[in-house]
Amino acid sequence: MAAIPQPSQPSPTQISKMTTYIKKVAESPGLTSVPSSYAFTPSPNDQAVSEDPKDSIPIIDFSLLTCGTPDQRSELIQELGQACKDWGFFKVINHGVPESLMEAMIEGIRGFFNLTDEEKREFEGKNLLDPIRCGTSFNTSIEKVFCWRDYLKVVVHPEFHFPNKPAGFRSLVVPCERVTLKPQFFQLT
């Protein structure tokens with residue numbers, strides 16, 4: 001009796017050419033090594049990561065911008081400027097966003113990345129400036145090494161753009177034109 005041919009598992013190289021989503025690569029059965037298109041070769045000039053607390057991601061306490069004293073606000077604005085200059089990003093605390101909304105957004109994002117590759121491809125975008133864009137790297141057609149992460153980028157201002165999948169995900173985000181902001185006036189003494 002002839003053996004029934006078994007479907008062969010794609011190699012890590014074949015996997016990375018078939019998809020632009022690292023989630024699919026990482027969950028591939030039989031994956032035993034990192035595909036070369038996701039492996040960064042260290043450079044002799046690479047520096048070790050610092051464990052010095054002063055080198056940690058800046059933390060901005062938003063409540064000090066709205067409820068702090070003029071001195072606290074001034075100091076925080078300086079810290080914010082320094083964080084933008086030195087890091088390009090920062091962590092915001094005491095922002096007033098309910099924990100339940102943050103958890104719902106995380107579940108919505110998880111649902112987005114659990115969509116099929118075909119469903120996610122609707123949102124890949126062909127241009128870096130597209131208002132909705134998802135993928136693994138910024139330009140997989142020219143990059144030699146892809147980032148070990150999947151991303152979803154959306155632009156919600158001045159025009160609201162957001163994926164319509166998975167169901168309910170879009171409704172978590174309120175378009176800017178529907179938000180009523182109470183102006184905050186600061187009196188400096």
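Mentor: Let us start with C134, which has a relative accessible area of 3% and counts as buried.

Trainee: Why is C134 called buried?

Mentor: Buried means under 20% relative accessible area, exposed means over 50%, and partly exposed is in between (1.4 Å probe, protein chains only). C134 comes out at 3%, so the label is buried. Before we go on, a word on the source: this is a predicted model, where local features need pLDDT of at least 70, side-chain atom pairs count only at pLDDT 80 or more, and totals for chains, interfaces and linings use all residues. Residues are numbered from 1 along each chain as its sequence is written, and side-chain values use heavy atoms, with hydrogens and water left out.

Trainee: What about C84, buried or partly exposed?

Mentor: C84 has 42% relative accessibility, so it counts as partly exposed.

Trainee: Which residues make up the largest nonpolar core?

Mentor: That core has 11 residues: Y21, F112, F113, L115, F123, I132, C134, F160, F162, F169 and V173. Two or more residues come from each of α5 (99-113) and β3. The term stands for a set of buried Ala, Val, Leu, Ile, Met, Phe, Trp, Tyr and Cys residues joined through side-chain atoms within 4.5 Å.

Trainee: What does L115 touch, leaving out residues up to four places away in sequence?

Mentor: L115 touches K120, K165 and P166. Contact here means heavy atoms within 4.5 Å.

Trainee: What makes E122 and K165 a salt bridge?

Mentor: The definition asks for a side-chain nitrogen of Lys or Arg within 4 Å of a carboxyl oxygen of Asp or Glu. For E122 and K165 the N to O distance is 2.5 Å, and their side chains meet in a salt bridge. E122 sits in the loop between α6 and β3 (132-135) and K165 in the segment after β4 (151-154), so this pair ties together parts that are 43 residues apart in sequence. E122 is partly exposed because its relative accessibility is 48%, and K165 is partly exposed at 22%.

Trainee: How do you know that E118 and R121 form a salt bridge?

Mentor: Their closest N and O atoms are 3.8 Å apart, and the cut-off is 4 Å, so the pair qualifies. Both lie in helix α6 (residues 117-121), three residues apart, about one turn of the helix. Helices (H or I, at least four residues) and strands (E, at least two) are DSSP runs, numbered from the N terminus. With 54% relative accessible area E118 is exposed, while R121 is partly exposed at 32%.

Trainee: What is the N to O distance between E27 and K23?

Mentor: It is 3.1 Å, and these side chains meet in a salt bridge. E27 counts as exposed at 55% relative accessibility, and K23 as partly exposed at 23%. The structure holds five salt bridges.

Trainee: Why is I57 called partly exposed?

Mentor: Its relative accessible area is 43%, so I57 falls in the partly exposed class. I57 lies in the loop between α2 (22-26) and β1 (59-61).

Trainee: Which peptide bond joins K165 and P166, cis or trans?

Mentor: A cis one, with omega about -5 degrees. The bond from H157 to P158 is cis too, with omega near 10 degrees. P158 lies in the segment after β4, and P166 is also placed in the segment after β4.

Trainee: And what is phi of N94?

Mentor: Phi of N94 is near 55 degrees, a positive value in a residue other than glycine. Most residues other than glycine have a negative phi, and most peptide bonds are trans. N94 lies in the loop between β2 (91-93) and α5.
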